[in-house]
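Q: Could we go through a structure together? I would like to learn how to read one step by step.

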Amino acid sequence: MIGFILICNRDRAPIEPTLMARMMAALAHRGPDGVDTYHSAAVGLGHLHFWTTPEEVGERQPLADGRSRVQLVFDGRLDNRKELLDTLRCEDPKMSDAALVLRTYERWGEESFAHLLGPFAFALFDTSSHRVLCARDALGGRTLYYHLNERVLVVA
C-alpha cells in the first residue's frame, strides 16, 4: 500500500510546509517509487508512490484532470476496470486505476463512489468549488484516517 496525505485549512489560511513535510516523512516507507505533492493556498496533497500494477508504473500523483480543476491521490485497486472503461468509453485500456477514478468523478461527481468496486481509498480537491472529498471502499479494504475540527481537515 502507498501513503497519501491531504491537509485542508478550512479557514483558507496558507498550508504550513513544515507540517506537510513532517507528515510525508512519517509515511516515507510507503513510497519507494518517489514522492510528489500539490499545494494551493489552503490545500495540500502528497502522494508516496509504490507502483504495483503495470498501468500505474511511472504515474505521478497527485493526478490532475485535463483542466487541472481536480487533484486526486489514490491508493487501491478497481475490480470493475473493464466495466468502467466501457461505460466511460475510455480509449486507453492501460489507463491507471487512479486515472479511471478521476474520469469517474468527472462524469458522475459525488455519485461516482457508487460505481467503484474493489479495495480503495482516495482524497480529491476540486479547485473550482474549493471542495474536498474523501472516500474508501465500503468493506474497508484500504484504511483512511482523518482529523477534523473547526480549523483543519487532515487525511492520511
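Predicted model: local features only at pLDDT ≥ 70, side-chain atom pairs only at ≥ 80, totals over all residues.

Q: Let us begin with the open sheet. How many strands does it have, and in which order?

A: The open sheet has five strands in the order β2-β3-β1-β9-β8, and their pairing is antiparallel. At its edges are β2 (35-39) and β8 (146-148), each of which pairs on one side only. Neighbouring strands in this sheet are turned by 5 degrees against each other on average, direction ignored.

Q: How many bridges join β8 to β9?

A: Three bridges join β8 to β9 (residues 152-155), and the two strands run antiparallel. Y146 stands opposite V155 in β9.

Q: How many residues of β6 are buried?

A: Seven of the seven residues of β6 are buried, so this strand is largely enclosed by the rest of the structure.

Q: Which way do they point?

A: F120, F122, L124 and D126 point one way from β6, whereas A121, A123 and F125 point the other way.

Q: Which peptide bond is cis?

A: The bond from Q61 to P62 is cis, with omega near 5 degrees. P62 is found in the loop between β3 and β4 (63-64).

Q: Changing topic: which residues touch the most other members of the largest nonpolar core?

A: They are L72, F74, L78, L100 and F122, in a core of 22 residues. At least two residues of this core come from each of β5 (70-76), α2 (81-87), α3 (97-108), β6 and β7 (131-136). The largest share, six residues, comes from α3. In general, nonpolar side chains tend to be buried together in soluble globular proteins.

Q: What is F122 in contact with?

A: Leaving aside neighbours within four places in sequence, the contacts of F122 include F4, L72, F74, V101, F113 and L144. F122 is buried, with a relative accessible area of 1%.

Q: Which residues are in the second core?

A: The second core is separate and has 15 residues, including C8, A121, F125 and L153.

Q: How many aromatic pairs are there?

A: The structure holds three aromatic pairs. In one of them, the rings of Y38 and F125 have their centres 6.4 Å apart and their planes at 45 degrees, so the pair is tilted. Y38 lies in β2 and F125 in β6 (residues 120-126), so the pair ties together parts that are 87 residues apart in sequence. Both Y38 and F125 are buried.

Q: What about F113 and F122?

A: Their pair is also tilted, at 5.5 Å centre to centre with 50 degrees between the planes. F113 counts as partly exposed, at 23% relative accessibility. Ring pairs link F113, F120 and F122 into a cluster.

Q: Finally, which residues are buried in helix α1?

A: In α1 (residues 17-26), M20, M23 and M24 are buried. They cover an arc of only 100 degrees around the axis, which puts them on the same side of α1. On the other side, T18, R22, A25 and A26 are exposed.

Q: Why can residues three or four places apart point the same way?

A: An α-helix has 3.6 residues a turn, so residues at that spacing point the same way.

Q: What covers the buried residues of α1?

A: Their cover includes β1 (3-9), β2, β3 (43-48) and β9.

Definitions and conventions: Residues numbered from 1 in each chain as written. Heavy atoms only, no water. Pairing = 2+ DSSP bridges. Helix = DSSP H or I, 4+ residues; strand = E, 2+ residues; numbered from the N terminus. Axes fitted to C-alpha atoms, helices over the stretch in contact; angles between N-to-C directions. Phe/Tyr/Trp six-rings, centres within 6.5 Å; stacked < 30°, edge-to-face > 60°. Buried < 20%, exposed > 50% of the residue type's maximum accessible area, 1.4 Å probe, protein only. Core = buried A, V, L, I, M, F, W, Y, C linked by side-chain atoms within 4.5 Å. Contact = heavy atoms within 4.5 Å. Arc of directions from axis to C-beta.
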